[in-house]
Amino acid sequence: MVKRLVLGVLLAALAVLAAVASAPDVADYSPSNRGWNGLSRLLEELRIMGLEVVVASAPLYTLTPSPGLAVILISPSGVEGAEVSWLNALMSAGGRVILLEDFGEGGEILHRLGAPVRLAGAPVLDDVLYSKQPIFPVATSTGALPGFLAGSALILNVPSALELEPREGWETVVVAETSEYSFMDLNYNGVRDSGEPVGPFPVAVLARRRGEPGFLLVISDPSVLINCMLGEGDNARLLAAALEGVEVVVVDVYHRPRSTLEEARAALRVGFNALLSAFRDPLTGCALITLITVMVSVEAYKRGVRVWR
């Protein structure tokens with residue numbers, strides 16, 4: 001009877017493990033998510049470009065700033081002060097920071113970097129120049145970023161706008177902007193109302209400190225690089241232009257909020273690794289099996305189940 005109970009417990013545990021492990025990843029901005037809102041295609045495109053891709057699941061300051069390094073931050077949260085210092089050190093070393101954000105904590109990162117750019121904080125729509133519907137406004141390249149030719153189209157998905165704030169020691173150029181028909185939907189009703197600001201609005205801005213080789217590229221839409229958007233318009237060309245001359249690209253996932261499923265997988269991974277380590281030692285493995293058997297036997301005894309025949 002004990003053997004059956006032990007077997008039942010193990011089978012149930014394996015079933016739970018299998019269910020969690022096989023469940024598809026549907027989290028926003030997840031590199032392993034192959035759905036519309038994931039980043040699996042981004043990783044594939046970066047590798048096709050011949051770049052080394054690092055998916056960072058630890059604080060940024062664990063990496064070494066270098067001229068051939070670029071980091072992509074997509075709607076990050078919880079960036080520490082030491083990491084902001086690391087981002088500054090990366091740009092000073094000649095590296096690149098690509099920040100994609102619309103309404104989240106990325107605006108605070110810009111403030112702490114001392115960058116001359118801020119997020120307007122309201123959605124930008126365009127009821128004339130758009131893709132599919134007005135919430136997908138089309139922005140046009142100014143030609144300021146080499147490799148992203150003037151007139152190239154950046155297809156956006158409910159973006160915010162960027163506002164330039166002159167700062168001592170910084171230089172900025174607008175890389176892409178929306179059309180003159182775009183508007184800032186302050187009351188979120190989806191239509192242009194009297195008094196609402198009208199475009200063009202900057203949606204991609206390059207900023208660099210004078211005398212420093214690296215730069216910061218801010219794009220006011222974190223979904224530009226997700227699976228369903230990367231192939232739209234010239235979105236991939238903007239990415240390629242921003243990474244010209246780069247050797248290693250860090251895709252940051254450490255600062256992306258994790259879903260319940262991802263938390264469960266992480267916990268299972270830790271537990272599984274601990275079990276593997278334990279079972280590598282014969283004495284520990286034997287002790288664990290004995291402990292499980294005793295626990296099941298005690299529970300069976302409490303329930304009045306005959307343990308031995």
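**Close-up views of a predicted model**

**View A. Helix 3 packs against helix 4.** Helix 3 (residues 81-92) and helix 4 (residues 106-113) pack at about 65 degrees, their axes 10 Å apart; helices are DSSP runs of H or I with at least four residues, strands runs of E with at least two, numbered from the N terminus. Axes are lines fitted to C-alpha atoms over the stretch in contact, with angles from 0 to 180 degrees between N-to-C directions. This is a predicted model, where local features need pLDDT of at least 70 and side-chain atom pairs pLDDT 80 or more, while totals for chains, interfaces and linings use all residues. Residues are numbered from 1 along each chain as its sequence is written, and side-chain values use heavy atoms, without hydrogens and water. Gly-81, Val-84, Leu-87, Asn-88 and Met-91 of helix 3 meet Ile-109, Arg-112 and Leu-113 of helix 4 (contact: heavy atoms within 4.5 Å).

**View B. Leu-225 and its neighbours.** Leu-225 touches Leu-39, Leu-42, Ile-72, Ile-74, Leu-100, Leu-230 and Leu-239, leaving out residues up to four places away in sequence.

**View C. Ser-179 sits in a loop.** Look for Ser-179 between strand 10 (170-177) and strand 11 (182-184). Ser-179 is buried, at 12% relative accessible area (buried: under 20%, exposed: over 50%, partly exposed in between, with a 1.4 Å probe and protein chains only). Beyond neighbours within four places in sequence, Ser-179 contacts Asp-126, Leu-129, Val-138, Gly-199 and Pro-200. A polar atom of the Ser-179 side chain also lies 3.0 Å from the backbone nitrogen of Tyr-181.

Terms used. Polar contact = N/O pair within 3.5 Å; in protein donor to acceptor, adjacent residues only side chain to side chain.
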